[in-house]
Amino acid sequence: MTDTTISRPTATVRTEPYRSRGLLHDTWVIARRGLTHLVRQPEQLTDATIQPVMFVLLFAYVFGGAIAVPGGGEYREFLMGGIFAQTVVFTAFGVALSLATDRKNQAIDRFRSLPIARGAVLGGHALTNLLKSMLPIVLMSLCGLAIGWRVHSSIADAILGYALLLGFSFAMIWVGILLGSVIATPEGVTGTGFVVLFPLTFMASTFVPTRTMPGLLRVVAEWNPVTTLSDAARILFGNPNTPVVPEDPWSIQHPIAYSVIWIVAIIVISAPLAVRAYEKSLAK
Amino acid sequence: MPDEYAVYARGLVRRYGAKTALAGVDFEVKTGSVTAILGPNGAGKTTAVRILTTLSEADEGEATVAGFNVRTHPHEVRRRIGLAAQDATVDPLLTGRENLVMLGELYQMGRGEAKSRAAELLTEFSLDDAADRKVAGYSGGMRRRLDLAATLVAHPSVLFLDEPTTGLDPRARNELWGVLATLVERGTSVLLTTQYLEEAERLADEIIVIDHGRIIARGDARQLKREIGGDHVHVVVVDPARLNDAAVTLSEVTGAHAVIEAATRAVIAPAADGVQTIVRAAQALGAAGIAVEDLSLRQPTLDEVFLELTGQPANADDAGVPAGGR
Ligand SMILES: Nc1ncnc2c1ncn2[C@@H]1O[C@H](COP(=O)(O)OP(=O)(O)OP(=O)(O)O)[C@@H](O)[C@H]1O
Ligand SMILES: [Mg+2]
């Protein structure tokens, strides 16, 4: 780099600064950066690519033979709804991680010194991660198709199924922002996220029917939105699901409605909290 | 606030817990001029820059930048400033060009304009060859150049440069100094921080010396030097045997004690009347028949000034004093 000379810069001073282009414009510019990051760091994408595919294969082939679906049907087909749900819950991870990394690299500070719309930084992260969350859903669908999973319902139901998954993704993005704002470092996010989110996705009908679970655990699992999201996906894709009996709690009887309630509740509660935690986390 | 000032700060106080990073400082940057904040590690330089660039709020005091109050109109301030933070904050995963285009768009330019502006700056900062490589692979000097280019994207009227040449080799530093000089020629006002006395002396119209969050001296380089010690008359004699005679003569002329530096054949005495003292010294030495090799009026170096003002060498870091900065 030593054979360089900086020429005289054209540093005319503008008398009038540029007119604002609005929140959507700024959000998209920041989201595009996030997408570029994803493409340039494929190793950071393992949670959205290799991991879900690995889970599909692992559970389908290793445990598949040992787990019977009450009411009959192929375990592999039962499994898919659960893994879709688990992956969607893990969306929170990615957001929290990218936010914490940006803070560590002082990218957040850089953005804050720019004349951008308030909310554009969070909006950009949310949009990037919403788009990112489609990737594992597509990959897993393909992987599922390869091992014998099929959509047996109508197209409308299937679309509704995917929409429900994306809706839950969107809700988990705010949980991720909350997590990434409260916990300052990328390392902390990874640790805490694992401890909080991982059990949540296992104490549910993700991989095994809740009916075989003991006492209290079963109650937790039955009211766990990951259970109802898994069940809702199974129903909407026309896959085998544990037959509902009249003694089942309301959540199990109405998994779609119960999941939607959770989506709305998470957004209504955690979005404002997340925004506040984020603003508080900015080293003023 | 009058347009006369690009930056106008009064009574800025900033505390971090029990630690007072800024203890009430007043300073300003006249429009179109360069002010340097000079201070050792932990003096409060970055803290001041962060307050003025809206990244942090002062606990007390007021500041306007480009005519807008940083507390009440941060957005208006952001539209008019460029900031090169102490740690390069260009995005390592993006290419140099992508960085500049993104910043242009975030400065609210159209995409087309942002692209052409980026191309222009890449050429000006000799980054054409590296333009489409990821910044992660840039050298420190290239990164710093990109950082500086990034601050200029939207033609800001006030530029904040937090230690812009730290970590650069002398050549790159010289180049950057050249760029800054050109910017100022074109009407950009600059507030820069530095630990280098030479840099402040070379670039700044006004120097603010801070230490432990307080301003301990201010003025242009000459004023600072004069403030302590003042000018000295410095005589180098041809014949070492005449050193004593020269000292006696100089003492008579200046009415003060003249010091002999035998190693350099020099005699030094305070020059209360500046050039007048020199003229009288020359006449007296001539009359006494003392051959003189060199006769000059000297100011203390800025390093000596700093030592005098802060009670510690300018590079306290090297002297083993723990660094307080972030
Ligand atoms: N976020 C923070 N939290 C706590 N203390 C801080 C914080 N930022 C700065 N300080 C303290 O405030 C003082 C001034 O720091 P500042 O970063 O402004 O110094 P500086 O002059 O920029 O130093 P350097 O030359 O090392 O960059 C230091 O003692 C520092 O430890
Ligand atoms: Mg600093």
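## The largest cavity

In this predicted model, helices α4 and α6 of chain A each supply at least two residues to the lining of the largest cavity, and α6(A) gives the most, with 4 residues. Helices here are DSSP runs (H or I, at least four residues), numbered from the N terminus. The space in the largest cavity comes to about 110 Å³, and its lining consists of A:Asp47, A:Ala48, A:Thr87, A:Phe90, A:Thr91, A:Gly94, A:Val95, A:Asn129, A:Lys132, A:Ser133 and A:Pro136. By class, 4 of these lining residues are nonpolar, 5 are polar and 2 are charged, where Ala, Val, Leu, Ile, Met, Phe, Trp, Tyr, Cys and Pro count as nonpolar, Asp, Glu, Lys and Arg as charged, and the others, Gly among them, as polar.

A cavity is a set of points on a 1 Å grid over the protein atoms alone where a 1.4 Å probe fits but cannot get out, and lining residues have an atom within 4 Å of a point. Volume is the space filled by probe spheres set on the points, which are joined across faces, edges and corners.

## The second largest cavity

The class count for the second largest cavity is 2 nonpolar, 5 polar and 5 charged residues.

## The largest pocket

The largest pocket (a pocket being an open set of points with protein on both sides within 12 Å along at least five of seven lines) has a volume of about 840 Å³. Of the 39 residues that line this pocket, A:Gln41, A:Gln44, A:Leu97, A:Ser98 and A:Thr101 lie nearest its centre.

Both chains contribute to the pocket lining, with at least two residues each from α1 (23-40), α4, α5 (107-112), α6 (120-146) and α8 of chain A and from α3 (96-106) of chain B. The largest share comes from α4(A), with 6 residues, and the lining as a whole divides into 15 nonpolar, 17 polar and 7 charged residues.

## Packing of α4(A) with α8(A)

Helix α4 (residues 91-104) and helix α8 (residues 186-202) of chain A pack at an angle of about 165°, with their axes 9 Å apart; the axes are lines fitted to C-alpha atoms over the stretch in contact, and angles run from 0 to 180 degrees between N-to-C directions. The two helices are therefore roughly antiparallel, a term for angles over 145 degrees.

Contact here means heavy atoms within 4.5 Å, and the residues that meet include A:Leu97 and A:Thr101 from α4(A), and A:Phe194 and A:Leu197 from α8(A). This contact has 9 nonpolar, 3 polar and 2 charged residues.

## Packing of α7(A) with α10(A)

Helix α7 (residues 155-182) and helix α10 (residues 225-237) of chain A pack at an angle of about 160°, with their axes 8 Å apart, and are therefore roughly antiparallel to each other. Among the residues that meet are A:Leu164, A:Leu165 and A:Phe168 in α7(A), and A:Leu229, A:Ala232 and A:Leu236 in α10(A). By class, the contact of α7(A) with α10(A) has 11 nonpolar, 1 polar and 1 charged residues.

## Conventions

Residues are numbered from 1 along each chain as its sequence is written, while chains are lettered from A and ligands numbered from 1 in the order in which they are written. Local features need pLDDT of at least 70, side-chain atom pairs count only at pLDDT 80 or more, and totals for chains, interfaces and linings use all residues, while side-chain values use heavy atoms, with hydrogens and water left out.

How values were computed:
Angles under 35 degrees count as roughly parallel, over 145 as roughly antiparallel, 65 to 115 as roughly perpendicular and the rest as oblique.
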